[in-house]
Amino acid sequence: VQLQESGPGLVKPSQTLSLTCTVSGSSITTNFYYWNWIRQAPGKELEWIGCMRYSGSTYYSPSLETRTSISRDTSKNQFTLQLSSVTPDDTAVYFCARADDYLGGPLTFWGQGTQVTVSS
C-alpha cells in the first residue's frame, strides 16, 4: 500500500490550501478503512486534521472543523484536503495515512509527507 501527497508547497495567507492523496494497493472504498490527514508544524507534535470513512462519511478535528473539508474521487482512488483561510500557523508538513478498522484506529500506512508553507 502506498500513499502519495501532492499539492502546492506555498500558499498565501487567507487562501485555501488544497492537497491530494493518491492511494495505490488499497481501495479507499474498502471496508473498514479510514483515510486521514495529519500535520506536523515545526517544533510541534503531530496534529490530526480529519478523515474520511470508506463509506464517504467525514470526521474533523474540532479545532479545525470550520475550515476543513475532505472529499474523494473514487475513480482515481484519491482523497483531498481543503483548508480555508490559512495563516502562517498552518505551515507544516502534511501527511495522509490509512487507519484500520475504526475511527482513531492504528495508522498503518503513511505517505512521505509534503511541506506546505503559508507566506505572502
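Guide: First, a term: two strands pair if DSSP finds at least two bridges between them. This is a predicted model. Four strands form an open sheet, ordered β1-β3-β8-β7, with antiparallel pairing. Its edge strands are β1 (2-6) and β7 (68-73), each pairing on one side only. Inside that order, six bridges join β3 (residues 17-24) to β8 (residues 78-83).

Now the salt bridges. The structure holds four. Begin with Asp 90 and Arg 39, whose side chains meet at 2.8 Å, N to O. This pair links distant parts of the chain: Asp 90 is in the loop between β8 and β9 (92-100), Arg 39 in strand β4 (residues 33-40), and 51 residues separate them. Both residues are buried. The cut-off for buried is under 20% relative accessible area. Arg 39 has 7%, so it counts as buried. Asp 90 has 1%, so it is buried too.

Each of these two has a further partner. Arg 39 also meets Glu 47 in a salt bridge, at 2.8 Å, N to O. Glu 47 is partly exposed, at 26% relative accessibility. Asp 90 also meets Arg 67, at 3.0 Å, N to O. Arg 67 is partly exposed, at 22%. Through shared partners, Arg 39, Glu 47, Arg 67 and Asp 90 are joined into one network of salt bridges.

Note on methods:
Residues numbered from 1 in each chain as written. Predicted model: local features only at pLDDT ≥ 70, side-chain atom pairs only at ≥ 80, totals over all residues. Heavy atoms only, no water. Helix = DSSP H or I, 4+ residues; strand = E, 2+ residues; numbered from the N terminus. Buried < 20%, exposed > 50% of the residue type's maximum accessible area, 1.4 Å probe, protein only.
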